[in-house]
Amino acid sequence: MQELDPLLHSQLRLAIMSILLGVEEADFVYLKEKTESTAGNLSVQIDKLSSAGYISTYKDESGKKPRTICRMEEAGRLAMQQYVEALKSYFVGL
């Protein structure tokens with residue numbers, strides 16, 4: 001069996017990554033609403049994913065309030081692919 005990536009094996013981080021797989025980018029407010037998390041917890045988890053190189057963030061200051069935008073990086077896509085493959089390895093023979 002393949003080992004599950006401990007960085008992705010967290011409910012909130014996995015939710016963030018799953019959302020970002022389906023969109024080009026998402027802002028902090030959108031991710032907060034979709035994951036139903038607190039701003040503080042979401043911020044911490046985004047920082048962890050960003051530090052790992054799985055996602056990138058930038059500030060968009062074109063509106064009234066600055067927005068934090070998140071985008072999945074190629075390393076994140078690869079990590080998610082490997083995570084799904086590792087999950088599948090647990091179901092072999094069912």
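Asp60 counts as partly exposed, at 22% relative accessibility. In this scheme a residue is buried under 20% relative accessible area, exposed over 50% and partly exposed in between, with a 1.4 Å probe and protein chains only. The model is predicted, so local features need pLDDT of at least 70 and side-chain atom pairs count only at pLDDT 80 or more, while totals for chains, interfaces and linings use all residues. Residues are numbered from 1 along each chain as its sequence is written, and side-chain values use heavy atoms, with hydrogens and water left out.

**Salt bridges**

Side chains of opposite charge can pair when their charged atoms come close. A salt bridge is defined here as a side-chain nitrogen of Lys or Arg within 4 Å of a carboxyl oxygen of Asp or Glu. By this rule the count is five. Three of these pairs are set out below.

| Acidic residue | Basic residue | N to O distance |
| Glu24 | Arg71 | 3.5 Å |
| Asp27 | Arg67 | 3.8 Å |
| Asp60 | Arg67 | 3.9 Å |

Asp60 and Arg67 meet through their side chains, and Arg67 also forms a salt bridge with Asp27. Asp27 lies in strand β1 and Arg67 in strand β3, so this pair ties together parts that are 40 residues apart in sequence. Helices (H or I, at least four residues) and strands (E, at least two) are DSSP runs, numbered from the N terminus. Asp27 is buried, at 18% relative accessibility, whereas Arg67 is partly exposed, at 37%.

Glu24 pairs with Arg71. Glu24 belongs to the loop between α1 (11-21) and β1 (26-27), and Arg71 to strand β3 (residues 67-72), so the contact ties together parts that are 47 residues apart in sequence. Glu24 is exposed, with a relative accessible area of 61%; Arg71 is partly exposed, with 30%. Salt bridges that share partners join Glu24, Glu25 and Arg71 into one network.

**Overall architecture**

The protein contains four helices and three strands, which follow the pattern α-β-α-α-β-β-α along the sequence. The C-alpha trace spans about 55 × 25 × 20 Å along its principal axes. Of the 94 residues, 34% count as buried. Among contacts (heavy atoms within 4.5 Å) with a separation of 6 or more, 56% are accounted for by residues 24 or more positions apart.

**Surface and charge**

The protein exposes about 6200 Å², of which carbon and sulfur atoms supply 52%. Accessible areas come from the Shrake-Rupley method with a 1.4 Å probe, and for residues only the protein chains shown count as cover. Leu87, Tyr90 and Phe91 make a nonpolar surface patch of about 300 Å². Patches consist of residues with over 30% relative accessible area and no salt bridge; like charges are joined within 9 Å, and nonpolar side chains (Val, Leu, Ile, Met, Phe, Trp, Tyr) within 5 Å. Leu87 is located in helix α4 (residues 74-89) and is partly exposed, with a relative accessible area of 33%.

The protein has 11 positive and 13 negative side chains, and the centres of the two sets lie 6 Å apart. Lys and Arg count as positive and Asp and Glu as negative; His and the chain ends are not counted. The place of a charge is taken as NZ of Lys, CZ of Arg, CG of Asp or CD of Glu.

Lys34, in helix α2 (residues 28-35), is exposed, with a relative accessible area of 53%. Lys34 and Tyr90 are 56 residues apart in sequence and 28 Å apart in space, C-alpha to C-alpha.
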